[in-house]
Amino acid sequence: MFVFAASDKGGTGRSVTSSNLLYRSALQGNDVCYLDFDFGSPTAGAIFGIERAENGTTSGSGMHRFLLQEVYQPERIDVWTATDRRGIRDGQANTGRLVLLPGDVGGGDFPDRADLVGRCLELFLRLNEEFSLCMVDLSAGRNLAVEMVLKVTAMPEMQKITSRWLVFHRWTRQHVVAAGGLVNGPRGLLTIAEKSGHDRQQFANNLRYVRTAVIDPAPSTQSGLTAKQGIWLDECNRRLTRLAGEHQVGKNLLLGSVPLDPMLQWQEQLITDKDVVSGVANQETRNAFDLLARRLVDDSSWETL
Amino acid sequence: MRIEPRQHLLETWKATIQSSWRDGAWRWGGRDGSNSISDAEQLLCILLPATQVGPFGLDRPNATADAMLEALRPLGDEKTIPLNLVRIATEYFTRYVDNDRPIFSGGSYYKPDDGAKLTEVQQARDIVDSFAISVTLSLATIGFVRIFRQSVTRMGLRRELRQLERLASTRLTAAMVGLLRSFSTHVFEADDDPGQILLQTVNKAGLPSKTVVNQFRSVLQETIASFNEVLIGSGQTEDLESANALFECGWSWGIVKDAPAVPLEYKSSGREKESTAAGAPDEPAEEIGPQPDGVAENKPYLYFTVVAVDAIEDLFSERTRVLGLLNEEQQRLSRALQLRWDLTLTYWATVATFGGGPVWPLEDPPWQTTDGLRSEYYTLLVTSIVVKDLVRKRGSDARLARIGSVLSDLANEARVTRKHRPGDSGVKLHSPGLRVSLEGSLEDSPDEKANAVWFVGEFASLLLQRCIAIAGLLSDVEERAVLLRLADRVWDHLARRRLTETAHRKLWDQPALVFDDLPEYESPSWYYTERVVAGLVSAANLLSEEPLVNDRLVVRAFDLLYEAEHLYDMELMRGSADASLEVMDVLTEIRAKLERARAIARTRPGAASALVNWVLMELDGLEAVRHSESTAI
């Protein structure tokens, strides 16, 4: 299965959420890989705690150069062994494979070249045989990478392979509107997908939203907030819910929400069970990632009305 | 109001689901078994709040509130809850159809007289209670489907929704036809027994009969003339012309004997086009089957009149109009029903408040029906109709308050707000309730052995509904408070009557918890629960409106505001803001509070006064420092 992570704005927590989601999926026993298609600023290495590929690999065979056919094989990093974080390295049994295909340092955007599509298709088909879940992290906004993968997934060879889309947005007015625009707008994903040969409805059925850095207005988790802040949040939440419905970013298309976590606010990284046990990360955040990972592959979560 | 409708509606939802939803299936029936009325009531316990109280909406999955999802958790999430409701409703609407004819039988709600046994034909008779609840349920369902459909794209689901809407719409038409065929005009002469009783009831001033008859006919002149427009269904009459003729009108218990069939003119119109495109264009789109003959006595029954009047009101409610829930034919039937509704309201309001005397007939309980029966129940029922009339006419506070004190008396008489004594007759109003003998039902019994009767035990819940209705109409703060206090006390009574056994906990009704020596029940009465839910729904809607405003308080708030604003301006003039950042913060806060107070002074003078009081204290605190002894240099 291929999952494409998109967002309209930067700073939505797209990369950190999809990395954590993938990490949980690997812990659940699935063989998974992460393709860093954020060519402008590949940061997945940093999130996985791999110092040598912090802002993309320096080996010269990252995703960018591979697609431009400058190298034959893309570099693969086994996260379990390559990570510098002991919390990730240690004591993981019965897990699936967790492989990162990093971007290149200073990659930049693509030229619009037809042969890229073929190259990308070839890569996808190969990875699909090896992994049960491939997460493709696309850079923010509408860009050539997005258009390329839409073309690739519309090709006959990809028809038998499930492709799902996750659109990440923060739970604020601007982000909700932007996410709705990214999908349904005049130059939105649905339109580009249709132009690339996808069935519009079917494509829409395979697209869900993920809300990130959400402050839950329920009183029990609002510790530290004054009553007035609580009321204000509650009212905002109510209005946002309505707004989201109007922009077709509503609950019925929501795959899950990730709460605001102080740890992720300071540093974008994987949250390990150890972090939770030692009390630096919130249990709710970890659970949200875990639930997302399960829902992502659970067909009943993808049923539509 | 201490009722907290939100909390209690949520509780009732939870309880209903716990009792009805077992192993992924809906179980019909309660204390009195399953029948077309009870099942509708059971379903409405969920659907009524969901369609009539904004925050309880379930038809827009994107906007469903978390508290609602939590209460209905066993039914699924925001997507599966409405789907399950659609399926349960579809089951209801297909359950009560016999060869395309929607049936409105009273079934297990019919009780035999004196231990005899009712025949199947008797139990299968259509009854007004079922017509009425079907109108409410169908409208709720159609509205629900209309809105929910906007979120549904899957073809299969859309088909299900279309089917449900068609079923509900057909049942609605059939129920409206049923109501048109059970309307009754009972005409009698002043010298007949009913005439004598009626005159006795209305003649509070002790005038000669002849004068009263003349008064009666002249006050109701327009109503009498309007009977010429009653041209379809039952209740048509030409006997009202006689100068000595008196009458009463309203709904009988079922389809009136010899009631003519109501011709349906329906041809497929805009709304149904989509679904009937395949059918022949000349055929009526809604097949309600043959219209059965009636047996019911041609006399209005107060209980059934109230039930019908309540339901008919739903046909021209704001929701029905805004969502356009009626098709063309139904609009025609609705107009016909509205005429009968108007006649009935005017008639009963006139009789109940007849004459210019200091005491209305209504204020001299118990009410006596024209067949000579007396009960506090009848007083409550007549009051209910009068309340509707006052709603319609925006009655004066004085009249509303008088009705309010009638309700207060009734609450006492029925031992809702008073303690009861052993053998108290007031207890009988709750259990077994008012016994209504359904005249005409003997016809279906071989050898005319068993007469069907109907037990009406909704007293306290009806009382709650009417208290809240009147409270909502009153614009006088104190009078409203009186009524709300009464509603609170009635609610306290109702809350104690909830079942306590685990499976059906928090559902109604267990009168034995309040009154001694009554039988105990295990299962819930949906009849009763639905009525309490309806009461809570009206309470919830009352709370969505702004509080009443006391004019004296507004004047006071503005007086305070003037002083505070002036003192504030003086403080600015002195340049106190430059003293320190902290002083500036205080002044900024004061300014914000003053602005807020001015903005709300007319709508919430109490809150505005409180804000200004705070401001005055702060300002005086600053000023006092200047005059303190230790400041003297």
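1. In this predicted model, helices H15(B) and H16(B) are roughly antiparallel to each other, because their packing angle of about 155° falls over the 145 degrees that marks this class. H15 of chain B spans residues 376-393 and H16 of chain B spans residues 397-413, and their axes lie 11 Å apart. The crossing of this pair is left-handed.

2. As for the residues that form this contact, H15(B) contributes B:Glu376, B:Thr379, B:Leu380, B:Thr383, B:Val386, B:Val387 and B:Leu390, while H16(B) contributes B:Arg399, B:Leu400, B:Ile403, B:Val406, B:Leu407, B:Leu410 and B:Glu413. Sorted by class, the contact of H15(B) with H16(B) holds nine nonpolar, two polar and three charged residues.

3. H2(B) passes H20(B) in a crossing that is left-handed.

4. On the side of H2(B), the residues in this second contact are B:Ser38, B:Glu41, B:Gln42, B:Leu44, B:Cys45, B:Leu48, B:Pro49 and B:Gln52, and they meet B:Trp526, B:Tyr527, B:Thr529, B:Glu530, B:Val533, B:Ala534 and B:Val537 of H20(B). By class, the contact of H2(B) with H20(B) has nine nonpolar, four polar and two charged residues.

5. At the level of domains, the assignment for chain B gives domain 1 as 5-185 + 256-275 + 289-543 and domain 2 as 551-627. The C-alpha centres of domain 1 and domain 2 of chain B are 52 Å apart.

6. Chain A, for its part, has 14 helices and eight strands. Its radius of gyration is 19 Å, close to the 19 Å that the globule rule gives for 305 residues, so chain A is as compact as a globular protein of that length. Taken along the principal axes, the C-alpha atoms of chain A fill a box of roughly 60 × 45 × 35 Å.

7. Finally, the contact between the chains takes 12 residues from chain B and 10 residues from chain A. The side of chain B that touches chain A comprises, by class, four nonpolar, four polar and four charged residues.

Key
Residues numbered from 1 in each chain as written. Chains lettered and ligands numbered in written order. Predicted model: local features only at pLDDT ≥ 70, side-chain atom pairs only at ≥ 80, totals over all residues. Domains from an automatic or database assignment. Axes fitted to C-alpha atoms, helices over the stretch in contact; angles between N-to-C directions. Helix = DSSP H or I, 4+ residues; strand = E, 2+ residues; numbered from the N terminus. Parallel < 35°, antiparallel > 145°, perpendicular 65-115°, else oblique. Left-handed = near helix turned anticlockwise from the far one by under 90°. Contact = placed C-beta atoms within 7 Å. Nonpolar A, V, L, I, M, F, W, Y, C, P; charged D, E, K, R; others polar. Rg over C-alpha atoms; globule rule 2.2 N^0.38 Å.
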